[in-house]
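Please look over the following protein chain before reading on. The briefing below goes through its fold, its nonpolar groups and its salt bridges in turn.

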Amino acid sequence: TQAVARPDVLRGQFSQEKQVSGFRNPLRSQGQFVVARQHGVIWTTLKPFPSEVVVTADRILSRQRDGSTRVELDARQQPAMRSVNAIMFALMSGDVQALSSQFNVAASREGQGWRLRLTPKSAMLAKA
């Protein structure tokens, strides 16, 4: 847990690979993020398709580059989304203690950064 510093505001860049069923090569994306502890996370994808995801304790909002809203999930109106929001918020803000309630967490240092390996504790979460 100490390896994962949790400053009030954290800014960084990301590169991500996702293996999508039906595609031979992984989807690669790049962008930047801002985590404001106690407020939320802004995850901005720049490549290959610009978009932005805002995650707070109560909602998840996805916006396109032109400002149009694509998806909005509000935990106050959809109580089942509260647990999804909590996991997403903990994941994006590096809250190891909160993640430990749903995942077995292994943290390791990589150069000047860190990596978290999350293994779901429940079969339902593992399936998702």
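A salt bridge is counted where a side-chain nitrogen of Lys or Arg lies within 4 Å of a carboxyl oxygen of Asp or Glu. The structure is a predicted model, in which local features need pLDDT of at least 70 and side-chain atom pairs count only at pLDDT 80 or more, while totals for chains, interfaces and linings use all residues. Residues are numbered from 1 along each chain as its sequence is written, and side-chain values use heavy atoms, with hydrogens and water left out.

**Salt bridges**
- Two salt bridges are found in a search of the whole structure.
- One of them joins Glu-52 to Arg-63, with the closest N and O atoms 2.6 Å apart; this pair links distant parts of the chain, since Glu-52 lies in strand S4 and Arg-63 in strand S5 (residues 59-64), 11 residues apart.
- A salt bridge also connects the side chains of Arg-28 and Glu-17, at 3.0 Å from N to O; Arg-28 belongs to strand S2 (residues 27-36) and Glu-17 to strand S1, so the pair ties together parts that are 11 residues apart in sequence.

**Overall fold**
- The protein chain contains three helices and eight strands, where helices (H or I, at least four residues) and strands (E, at least two) are DSSP runs numbered from the N terminus.
- Along the sequence, these elements follow the pattern β-β-β-β-β-β-α-α-β-β-α.
- Of the 128 residues, 24% count as buried, a term that means under 20% relative accessible area, with exposed meaning over 50% and partly exposed in between (1.4 Å probe, protein chains only).

**Nonpolar groups**
- The largest nonpolar core has seven residues, namely Phe-14, Phe-33, Val-35, Val-41, Val-55, Ile-60 and Phe-89; such a core is a set of buried Ala, Val, Leu, Ile, Met, Phe, Trp, Tyr and Cys residues joined through side-chain atoms within 4.5 Å.
- Another core, of five residues, lies apart from the largest one and includes Ala-90, Leu-99, Phe-103 and Leu-116.

**Exposed positions**
- Phe-49, in the loop between strand S3 (40-47) and strand S4 (51-55), counts as exposed at 60% relative accessibility.
- Ser-15, in strand S1 (residues 9-18), is exposed as well, at 62% relative accessibility.
- Ser-15 and Gln-30 are 15 residues apart in sequence, yet their C-alpha atoms are 4.4 Å apart in space.
- Arg-28 and Glu-17 are exposed too, Arg-28 with a relative accessible area of 52% and Glu-17 with 53%, whereas Arg-63 is partly exposed at 28%.
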